[in-house]
Amino acid sequence: MSSSSNLLSHPEILLKDHLETVGNIAKETMASKKLENSELYTKIAYFIGISHDFAKATTFFQELLKQKKRTRKANHSFLSAIFGYYIVEKYLEKIEKLEDNEFLPLIAFIVIRSHHGNLPNLHGENSLYNKFLQKEFDTKELREQLENTNQQEVIDIYDHLLKSESNLNSKLLINDFYNEMMNSRNSDEPEIITKIIALLKKISRKKDLANYFMIMLHYSVLIDADKITASGTEIPERIENIPKMIVEHYKQTKFGKPKLEINIIREQAFCEALKSATSLDLHENKRILTLTLPTGCGKTLTGLASALLLRDRIKETKKLDFVPKIIYSLPFLSIIDQNSRVFDEILNLEMPKISKEETIPSNLMLKHHHLAEIAYFAKTFDEIIELPISQSLLLTESWHSEIVITTFVQFFHSLISYRNRTSRKFHNITNSVIILDEIQSIPHKYWLIIKEMLEFLAENFNCLIILMTPTNPLIFKTEETVKLIRQPEEYFKKFDRIKINYNHEPLKFNDFKGQLLEEILATDNDIMVILNTINTCKELYQFIRDELEQERTETYMDNFGIWISEKEELYCLSTHIIPKHRLEKIRKIAGIDDKKKKRRIIITTQLVEAGVDVSVDKIYRDFAPLDCIIQAAGRCNRNNRDQKGLVEIIRLQTDNKKEFCDYIYDRTLTAATDEILREAFEKNNWNIISEHEFIFSTNNSYFDTINNRKSDQKSRELYEKVAKLRFKDLSAFQLIEDRGTIPIYIEVNPISKEIRERFEEELEDAKGYGKRAVRVKYKEKINDYTTSAFIRKKDVNLFKTLPEVASNSYMLYVPQENLDEWYTLDIGLWLQLDSSINMRML
């Protein structure tokens, strides 16, 4: 190849070097996957990589780089995509595999065309197919772009890039491509485009889920390789030598031999799950596993230990011959913070064995959600360094790590996606052991589409999926899964920590306030009240606080908004409190259980419901779907103290007799819950029911009822979009519905004020991509002090008085000097705003 090519892909980066690096990274990424036809897909990934910027060879694009002169003809994705189609088609013809893989050239076209943007609808209205039919792509312009390239220089570049490919002659390939594109002037379009149009129609009508997954795989590999290369980032080496027994070692070191009855039960469940994981047939088609245990039975440690054991078994199995990553996904941010600290402790204990470092590198464990700090620590030579913010962002968002702790939103919105940014991690979801904790939190309208997507992922991309839950929702039929705990009911029988009472007659909220106060004054129990709306949470808290102020002699508010007297600590928890203080409150509640000196009164919304390690003597739960009630009950007498806890299910209503549960929950769920609770308690003459009796008499009936009554329409509509490759329409998939809330930054102290001022100063000084780097740098700090609110029309003018962060209307802030008008440490935003926001996935 001529060494005189000066064509650039980016400022100061030669086009031939960029294409070669992207091609090699894409090839290495795909080659590392254990998939059927992985050898062929590795070749295709390389061809896509070396052709994705083919049209940057035009003089129009080179002028854009050198003179900043942008024209339509400088656009490179479309012509590059046609070339990508051509090279893949010719390769498949040469090896006589085009007939069996007829859509692979089209997939190359789709992936390359979209690599700077999102995936489009392929057929139907507003689709790629229609754009072709409506002549939105100018054939004359494509030919003009080709005319303005140095054909020999292009041949020289591809002579180098294809030197190891005996099936393709680069000179013949390039010349034939130019001829086919340039010499069909008498027809409307070159034959290549005619083929692409026909295949777009055919692939959409095929309705084959495999085509969706194949597009996502190649799209993910390309955009990750391209961004990694353009940023000068190096993908850190994998850390594969994680000892399979690290959880056991951690348990022995921290807890010793179990002595209390509840710890003995937890150990039995732990050992049974690991025994099942050890005997699991890794070659069997069933790849969906379940881990069903009561709340407080140690599912987190058991799930991680099972995943590590399966990881090690897969690594040691010759026929499989790959090392899966572990993805631990949960619905709630509060649990992620809690579980990631446990994972930190486990890995820190074993770091000398894993990498001879004290710090946990990010390529070993990574925490990723929308509030997480973007900082990637990679091991280089003999030290671990923090990478620049732009590189940290790329590696974090692509999940380049052995163990990823993340949210359902991050996971499922990458599995069902059309967005460039969320799709980039897709290839790192393949070949993984995936733990889905509290899977029952998925809205039931999505159960069917989630089931179909997880099944296909597990069966075709070598994934094992562990569904962890205390309630065993019927997303999958029993015969479709493998149980790690063979008879979960045996553990539920052993757990008899609480009694449950159903107060089925509605109770006015104002009456309940007085009853609760009387109980607080008459007893010394730890009490938690879980309410359905933010406003009722704040109102009840204020009432109790103000009344206790009259009763107690020594009271004060600490720096995190915890009201403290000589007898109790009073907590208010909702999403109107900034995350920094909210998490500190949860940590304090969870951390003082065994050595507390004062009783705790906790007034909260549903954000403590699942997985948070909190234990109290008594819980009041405003009426909700049964799975929420069971989760709430798991916060009562969690550690099986001698005296049983009590869970009171109540039906709170307004003075106008509207129940608060109707503001946020689907009536299909609440109606089914009421029927099943009434049946269970009527059989027991409306007496209090024990924990294991409650679970047995309600749980299976509830999910059977929901399965029979739920509408699968939303899932079927989404499945149709996925199967027809209507990517853009997948925006209809939202685990958390956007209810039009606006973020509000709260300057609660001088530190938060300084953060906001530094952020604005650096953002103003930054140029171009630097502005995004500043936003990423300050993301976690800003989020620590940011809450959100749904603003009613009548409050719009009031909120217009608040200044904007960085002169950007998407975020307002409350200045420190005006704090008392808007925010208090204990209840957060104190305006009476609409709180009918779905909080089940917060």
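Predicted model: local features only at pLDDT ≥ 70, side-chain atom pairs only at ≥ 80, totals over all residues.
Me: How do I describe two packed helices?

Reply: Two packed helices are described by the angle between their axes and the distance between the axes. Here, take α1 (residues 15–31) and α8 (residues 151–161): their axes come within 10 Å and cross at roughly 30°. Angles under 35 degrees count as roughly parallel, so α1 is roughly parallel to α8.

Me: And is the crossing of α1 and α8 left-handed or right-handed?

Reply: Right-handed.

Me: Which residues in α1 and α8 meet?

Reply: From α1 you've got L15, K16, L19 and E20, and they meet I157, Y158, H160 and L161 of α8. Sort the residues of that contact and you get five nonpolar, one polar and two charged.

Me: On to the sheet. What is the order of the strands?

Reply: Read across it: β5-β8-β4-β9-β10-β3-β11, seven strands in an open sheet with parallel pairing. β5 (365–368) and β11 (482–483) are at the edges; each has a single partner strand, so one side of each lacks a neighbour in the sheet.

Me: How many bridges join β4 to β8?

Reply: Five, between β4 (residues 325–330) and β8 (residues 403–407), and the two strands run parallel. If you want a pair to look up, Y328 has I405 in β8 as its bridge partner.

Me: Which strands does helix α14 touch?

Reply: Helix α14 (residues 299–316) packs on the sheet and touches β3 (288–292), β4, β9 (432–437) and β10 (464–469). Compare directions too: that of α14 makes about 170° with that of β10.

How values were computed: Residues numbered from 1 in each chain as written. Heavy atoms only, no water. Axes fitted to C-alpha atoms, helices over the stretch in contact; angles between N-to-C directions. Helix = DSSP H or I, 4+ residues; strand = E, 2+ residues; numbered from the N terminus. Parallel < 35°, antiparallel > 145°, perpendicular 65-115°, else oblique. Left-handed = near helix turned anticlockwise from the far one by under 90°. Contact = heavy atoms within 4.5 Å. Nonpolar A, V, L, I, M, F, W, Y, C, P; charged D, E, K, R; others polar. Pairing = 2+ DSSP bridges.
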